[in-house]
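Here are my notes on this one, written as numbered points. Keep the structure open beside you and look up each residue as you go.

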Amino acid sequence: MVAGAATAVALAMLTTGTASAANGTYYSSKQPYVAPGAGVIAGYSAAPEGYEPVYTEIIARHGSRGLSSYKYDALLEKMGRTAAEVGGFVSEEARDTFMANVRAITEANVDNGYGMLTGQGATQHRGIGARAYERNARLFDEAAADGGTVAYESSGEARATESGENFKAGFDAASGGELADAYVAPNDAAGDGAAAAFQKSPDTLYFHKTENPDGTEKTGEAAAIASRYERFVDDDAVIGNAEDYIEDLDAARKVSRDLLSQIFKADFLDAVDAGEYSWFNTIDGREHPDADEDGVDDVTGQDVRSCAVEGDPDEVIAQYGEDACGETGKSIESVVDAAMDLYNLYIIAADMTEENTGGHTFDFDRYFANVGQEDGETFAWILDMEDFYEKGPSYAGQNETYRIAQPLLDDFFDSIDERMAGGDTVATFRFAHAETIMPFAALIKAPGSEVQAPAVEDPQGLADVFTYADNPWRGESVTPMAANIQWDVYARDGVDPATGEAYTPIVRMLYNETEVAFNDECTPIAEGSRWYKESELKSCLGLPESRVETDESPTIAVDDGTPATPDDDRNDDGAADDAGDGAADAADGTDTAADGDDAADAADRNAAKPSGLAATGVATAVPALAALALSAAGVTVAMAARRRQR
């Protein structure tokens, strides 16, 4: 399958919020967030005349972080120790440099906190928060004057909450603190201090696991959704066989050996692939039976946890956090495993520039400086592959990998409806994870997440699996650090003559702060517009069984500067104008919303604020965004593989 031209254009726009492939770095989902330029912001389209902002909402991934746990660095240090003992390094310099780099990134993560936001991550979200205010300043200023509120939500994971805290700091600084204390009081706060403003919402923001970040277990429907997802990913033959096929490709060994041969001797690497050496993330580096992954040997009862700091594991965790001791099931059992672990240190280093200082300076760029485009794409593709199959669009004919995001989409719509019903909450800001963004993007078929891989249970060739050559999905643009999807909602007062009811609010989407169209199943309010009626989005987004069918026309009359015609009347000239509309209707036999003339007349006559809502600002025209000449899809790559680690 190949993405269409519209997808390629949308992806080209999306890549303005990321950077890596164009610069030859290939950071995959660890791509640091890149703030939008002035041209992107200036290119946001104006809402139709008479519509004013009433609400905005966001789902955002946490910002740049350090290593999620003591894992890749732990295993590579164990491998390095063995190589030093058996003379497996190509030189003493290679040995000393490699071991120093690994130890330094470990020390940096101990100091910063494994899994915690880095300085870059904090800066990213402060900027996103400031721009969220600036884009809808009139809405927020009038909300402050009229007693409006803002809702803050977190998955409950520390790095998600910390991201939200920094977003709020940026938002409050930009707004002069006018809504700093006007937040919806949580009934289950994510913590004390700054975290007290954040509602823990794991059912909508951490839906992929039955266990919540705070250690509690999901219940009811949320538990059923998570359990169904976990069983599917663990047991599905198409996913498992596709990943195994890719991981077993011979090309993997070549790119992995090319990378590691800078550091280790050929005979040492041969011995690794022959099974003579392997390393597990345990205190002694050996494999231990640990079915429930509690760090205790199921047979001997020995605590086998490996920690970044020497000492009793429980004491280490108490001081440095639970992620300072790693998962015992992780291992290096092949050259490809080792190469992918080194790649993971390389890409996370890009998110730790402010921590890469002083006594724990590290340099993993040195190992990738001479890696060519195909090999660079290979490492990114390997990391993307598992995310694509298990958390993204996955394969054709299934929706299990993204149906878990339906409660979040429902929450998006419910929040809009509550506001339109007279609620005083003018914004909902949600902070979560890549595991939240990826399925949500796939569910709504956001740019880059529309195309599924072939549903082949026994793949025989690359045409049977996900590849960069025939699928636009890229971790670097779908879910970079601080990835975000934002909806701005505008409304107008009065009764729509086409429906006899209040005007339906309209919505536009920003993906990584770039305005993008909704998927091709959704019809905008006018050709070429990026604004959509909420009723249309309810009928075209999400699971088929959750969609809400509508008889309402998705379009409205929009003044685009062209002369009015008898059946495309954009100006209300009073009785004469209405008479002209009637004549046109009689001539074409229609008087519908799609016809547009009565709706246009009503638009000309109504410019008041939506009833029951706080005062809001008037849309302002902005220049159109120039076309972006960026390549987005269809790049041929070399394929590599690694041993699957669950």
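1. Start at Cys-522, which counts as buried at 5% relative accessibility; "buried" means under 20% relative accessible area, "exposed" means over 50%, and "partly exposed" is in between, with a 1.4 Å probe and protein chains only. Its partner is Cys-540, and a disulfide joins the two with an S to S distance of 2.0 Å. Cys-540 is buried as well, at 3% relative accessibility. For the record, a disulfide here is a pair of cysteine sulfur atoms within 2.5 Å. In general, it is a covalent bond between the sulfur atoms of two cysteines.

2. Before going on, a word about what you're looking at. This is a predicted model, where local features need pLDDT of at least 70 and side-chain atom pairs count only at pLDDT 80 or more, while totals for chains, interfaces and linings use all residues. Residues are numbered from 1 along each chain as its sequence is written, and side-chain values use heavy atoms, with hydrogens and water left out.

3. Back to that first pair. The link of Cys-522 and Cys-540 is right-handed, with 100 degrees about the S-S bond. Cys-522 sits in the loop between strand E11 (514–516) and strand E12 (532–533), and Cys-540 is in helix H21 (residues 534–540), so the pair links distant parts of the chain, 18 residues apart. The helices (H or I, at least four residues) and strands (E, at least two) are DSSP runs, numbered from the N terminus.

4. How many disulfides does the count come to? The count is 2 disulfides. The other one is formed by Cys-307 and Cys-325, with sulfur atoms 1.9 Å apart. Its torsion about the S-S bond is about 100 degrees, so this disulfide is right-handed. Cys-307 is in the loop between strand E4 (279–280) and helix H14 (313–320), and Cys-325 is in the loop between H14 and strand E5 (331–332), so the pair ties together parts 18 residues apart in sequence. Cys-307 is buried at 15% relative accessibility, and Cys-325 is buried at 9%. If you number the bonded cysteines in sequence order, the pairing reads 1-2, 3-4.

5. Now zoom out to the whole chain. Its secondary structure comes to 23 helices and 12 strands. Of the 646 residues, 57% are buried. The accessible surface is about 25,000 Å², and 47% of that belongs to carbon and sulfur atoms; these areas come from the Shrake-Rupley method with a 1.4 Å probe, and for residues only the protein chains shown count as cover. Take the contacts (heavy atoms within 4.5 Å) between residues at least 6 apart in sequence: 76% of them join residues at least 24 apart.

6. Next, a helix pair. Helix H11 (residues 237–247) and helix H17 (residues 373–391) pack at an angle of about 175 degrees, with axes 10 Å apart. That makes H11 roughly antiparallel to H17. The labels work like this: under 35 degrees is roughly parallel, over 145 roughly antiparallel, 65 to 115 roughly perpendicular, and the rest oblique. Axes are lines fitted to C-alpha atoms, for helices over the stretch in contact, and angles run from 0 to 180 degrees between N-to-C directions. Residues that meet here include Ile-239 and Ala-242 in H11 and Trp-381 and Met-385 in H17.

7. H17 also meets helix H12 (residues 251–260): their axes come within 11 Å and cross at roughly 110 degrees. That makes H12 roughly perpendicular to H17. Val-255, Asp-258 and Leu-259 of H12 make the contact with Asp-375, Thr-378 and Phe-379 of H17.

8. Most residues other than glycine have a negative phi. Glu-293 has a positive phi of about 55 degrees although it is not a glycine, and Glu-513 has a positive phi near 65 degrees. Is each one buried or exposed? Glu-293, in the loop between E4 and H14, is exposed with a relative accessible area of 56%. Glu-513, in the loop between strand E10 (506–511) and E11, is buried at 1%.

9. Last stop: Asn-166 in helix H8 (residues 158–175). Asn-166 is buried, with a relative accessible area of 11%. Leaving out residues up to four places away in sequence, Asn-166 touches Leu-117, Ala-122, His-125 and Arg-126.
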